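Subject: Handover of a structure and the findings on it

Dear colleague,

Please find below the structure that I am handing over to you, followed by an account of what was found in it.

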Amino acid sequence: MIRSLPMLIAACICAVAFLFGIIRIGVGAVLATQAIGIVDVAAFSGPVTEIQQFLNEQNDQALLPLTPVSYLAIIAFMGLCLVFGAVLSWQRKSWGYGLLSIYLLTHASLFVNFQTINPKINILIAGIIMLIILVFANQRRRI
């Protein structure tokens, strides 16, 4: 039962992070299996081709060129950080904030790696704001 506004805020932020993480894990894993050749699903070939085209355009200026599989592994890793970070942050464990911070740093590192800014920067900014709010909300939560 949600007993206070800070608890409600923390619950919402952790739920969003958890669900977003599950999506990232799923998409990263499924598309990586397609890119590796483990599965061959017509619906997955389009997104893998788009990722390959994106990487072909960006890898020339990238600090660390990525393959579709390595890029998708990073996406899945970010999802794991979100899922476990959300669960541990809900439990008010400092590791949760650390994992959420690793997600944010990984997200930012992709912008740095490709030396580009795109509309996904809004997700990064929202994530930073949500983490700050989560830390303060958890400090004010009643047990």
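A definition is needed before the helix pairs are described: axes are lines fitted to C-alpha atoms, for helices over the stretch in contact, and angles run from 0 to 180 degrees between N-to-C directions. Please also note that this is a predicted model.

With that definition in hand, the pair α4 and α5 may be taken up. The axes of these two helices come within 10 Å and cross at roughly 165°. Angles over 145 degrees count as roughly antiparallel, and the angle therefore makes α4 roughly antiparallel to α5. The crossing of α4 and α5 is left-handed. On the α4 side the contact is made by Y97, L100, S101, Y103, L104, H107, A108 and F111. On the α5 side the residues are I121, I123, L124, G127, I128, L131, L134, V135 and N138. By class, the residues of this contact divide into 13 nonpolar, 4 polar and no charged.

The overall architecture is as follows. The secondary structure of the chain comes to 5 helices and 0 strands, in the pattern α-α-α-α-α when read along the sequence. The C-alpha trace spans about 50 × 30 × 25 Å along its principal axes.

Helix α3 covers residues 68–90 and helix α4 covers residues 94–114. They pack at an angle of about 155°, and their axes are 6 Å apart. Because of this angle, α3 is roughly antiparallel to α4. Their crossing is left-handed. From α3, the residues in the contact are Y71, I74, F77, M78, C81, L82, F84, G85, A86, L88 and S89. They meet W95, G96, Y97, L99, L100, I102, Y103, T106, H107, L110 and F114 in α4. The contact of α3 with α4 has 17 nonpolar, 5 polar and no charged residues.

Helices α1 and α3 pack at an angle of about 155°, with axes 7 Å apart. They are therefore roughly antiparallel to each other. The crossing in which α1 passes α3 is left-handed. In the contact of α1 with α3 there are 26 nonpolar, 4 polar and 1 charged residues.

Which residues are the closest to the centre of the largest pocket? This pocket has a volume of about 550 Å³. It is lined by 21 residues, of which R24, I51, Y71, I75 and K120 are the closest to its centre. Two or more residues of the lining come from each of α1 (5–36), α2 (42–58), α3 and α4. Helix α1 gives the largest share, 5 residues. By class, the lining of the largest pocket holds 15 nonpolar, 3 polar and 3 charged residues. Y71 also belongs to the contact of α3 with α4.

The second largest pocket has a volume of about 220 Å³. Of the 15 residues that line it, A17, L82, Y103, G127 and M130 are the closest to its centre. Helices α1, α4 and α5 (121–140) each supply at least two residues of this lining, and the largest share, 6 residues, comes from α5. The lining of the second largest pocket divides into 14 nonpolar, 1 polar and no charged residues.

A colleague

How values were computed: Residues numbered from 1 in each chain as written. Predicted model: local features only at pLDDT ≥ 70, side-chain atom pairs only at ≥ 80, totals over all residues. Heavy atoms only, no water. Helix = DSSP H or I, 4+ residues; strand = E, 2+ residues; numbered from the N terminus. Parallel < 35°, antiparallel > 145°, perpendicular 65-115°, else oblique. Left-handed = near helix turned anticlockwise from the far one by under 90°. Contact = heavy atoms within 4.5 Å. Nonpolar A, V, L, I, M, F, W, Y, C, P; charged D, E, K, R; others polar. 1 Å grid on protein atoms, 1.4 Å probe; cavity = no way out; pocket = protein on both sides within 12 Å on 5 of 7 lines; lining within 4 Å. Points joined across faces, edges and corners; volume = space filled by probe spheres on them.
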